[in-house]
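Please keep the sequence and the structure in view while reading.

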Amino acid sequence: MQALSIRPSLPWLGAFKRKAMLTTFSVLLPVLSGSAMAADLTIGFSQIGSESGWRTSETASIKAEAESRGYNLKFSDAQQKQENQIKAVRSYIAQGVDGILLAPVVETGWDQVLKEAKRAQIPVVLIDRGVAADPSLYLTKIASDFKEEGALAASWLAAKTNGRCNIVELQGSVGSSAAIDRKAGFDSLISNFPNMTIIRSQSGSFTRAGGKEVMESFLKGEGGAKNICALFAHNDDMALGAILAMKEAGIKPVKDILVVSIDGVPDIFKAMADGEANATIELNPHLGGPAFDAILASQKGAKVDKWVKANGPLYLPDTAAAEYAKRK
Ligand code: AHR
């Protein structure tokens, strides 16, 4: 066995994205033989829904990756409901698929269905979010370290404001590992700065509409916009909705209220290039290649790392126009 960087076969990706993937994903896998790479797999994919631009890209990327490999991908959109995901996983188990990709909407409540998959000897790969279950119940998690993302956003903000800032926070979907851990990482970092305070925090459900609505209420809160130094949004879509709310209220994003968020969707690069957002942390949506490779490796009896980290860099306005041109 030897260490191998997972090389996703996404021919339609630009050179930039392929390079980013190669530097982002690394997992201990055996070198797969030609016949294993050509395996004809049937995979079930239980997706959360389509709440954000990032998730829509992830779905498209995983479908394209499966198609380029000739796999039979069974796809199910859970419409944000855990019960729908559990039903989908049970149906994939009943169909005897070769592997299951699960993007868990919330962190808790998965033990039973994961035990059922394990009993059926079907490997489950957690995609982009984590669960609070015993790691022996799934093959691997292919996801970013959300705490690091939150801490990176906070450290950028601390540097930008010299550690003095009243922050409003738009949290992601309640109970999701992405929201829980991004908040934890951010809170932990700002606890080093006595004059950085989160003055309001509420979920905008990772949607643009949710971000706009909650930001409108933040702006009407005590002290109004004058009391707010920065917005930390757990994803770009909520930040984009909040930017709209600011503009409609006659407030200038960036100049009046700093904006930092996570995902790196094309629209946030456009907003940064237009002077309406300050920073984003990229979350790579191309997770299908490493997920499929992990299933292939497990079929060969190889050890697969429990967590394949997919953290991305922080981007600032100076490169935003060029980044937008690469992604739109
Ligand atoms: O789990 C990843 C998060 O889920 C993304 O940051 C957000 O946009 C998505 O909906």
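**Reading the model step by step**

Q: Where does Val 254 lie?

A: Helices (H or I, at least four residues) and strands (E, at least two) are DSSP runs, numbered from the N terminus. Val 254 lies in the loop between H9 and strand S11 (258-263). The model is predicted: local features need pLDDT of at least 70 and side-chain atom pairs count only at pLDDT 80 or more, while totals for chains, interfaces and linings use all residues. Residues are numbered from 1 along each chain as its sequence is written, and side-chain values use heavy atoms, with hydrogens and water left out.

Q: What is phi of Val 254?

A: Most residues other than glycine have a negative phi. Val 254, however, has a positive phi, near 80°. Ser 205, also not a glycine, has a positive phi of about 55°. Ser 205 belongs to the loop between strand S9 (195-203) and helix H8 (208-219).

Q: Is Val 254 buried or exposed, or does it fall in between?

A: A residue is buried under 20% relative accessible area, exposed over 50%, and partly exposed in between (1.4 Å probe, protein chains only). Val 254 has a relative accessibility of 25%, so it counts as partly exposed. Ser 205 is likewise partly exposed because its relative accessibility is 38%. Leu 244 in helix H9 (residues 236-248) is partly exposed because its relative accessible area is 41%. The C-alpha atoms of Leu 244 and Gly 211 are 9.2 Å apart in space, and the two residues are 33 residues apart in sequence.

Q: How many helices and strands are in the chain, and what share of its residues count as buried?

A: The chain has 12 helices and 14 strands. It has 328 residues, of which 55% count as buried. The accessible surface of the chain comes to about 13,400 Å², and carbon and sulfur atoms account for 51% of it.

Q: Which residues are in contact with Leu 139, leaving aside its neighbours within four places in sequence?

A: Contact means heavy atoms within 4.5 Å. Apart from those neighbours, the residues in contact with Leu 139 include Pro 123, Val 125, Ile 295 and Asp 305. Leu 139 is in the loop between strand S6 (124-127) and strand S7 (140-143), and it counts as buried because its relative accessibility is 16%. Between Leu 139 and Asp 305 there are 8.3 Å from C-alpha to C-alpha, although they are 166 residues apart along the chain. For the chain, 75% of the contacts with a separation of 6 or more are between residues 24 or more positions apart.

Q: Where is Val 106, and which residues is it in contact with beyond its neighbours within four places in sequence?

A: Val 106 occupies the loop between strand S5 (99-102) and helix H5 (111-119). With 19% relative accessibility, Val 106 counts as buried. Its contacts beyond those neighbours are Gln 82, Gly 130, Val 174, Gly 175 and Ser 176. Gln 82 is 24 residues from Val 106 along the chain, and their C-alpha atoms are separated by 7.1 Å.

Q: With which side chain does the side chain of Arg 69 make a polar contact of 2.9 Å?

A: A polar contact is a pair of N or O atoms within 3.5 Å; within protein, one must be able to donate a hydrogen and the other to accept it, and residues adjacent in sequence count only if both atoms are side-chain atoms. The partner at 2.9 Å is the side chain of Asp 293. A polar contact of 2.6 Å also joins the side chains of Arg 69 and Glu 65. Arg 69 is buried because its relative accessible area is 14%, and Glu 65 is buried because its relative accessibility is 0%.

Q: Which side chains have a polar atom 2.8 Å from an oxygen atom of the ligand?

A: They include those of Arg 129 and Arg 182. For an N or O atom in the side chain of Arg 55, the distance to a ligand oxygen is 3.0 Å. Taken alone the ligand exposes 280 Å², and the protein buries 100% of that.

How values were computed. Accessible areas come from the Shrake-Rupley method with a 1.4 Å probe; for residues, only the protein chains shown count as cover.
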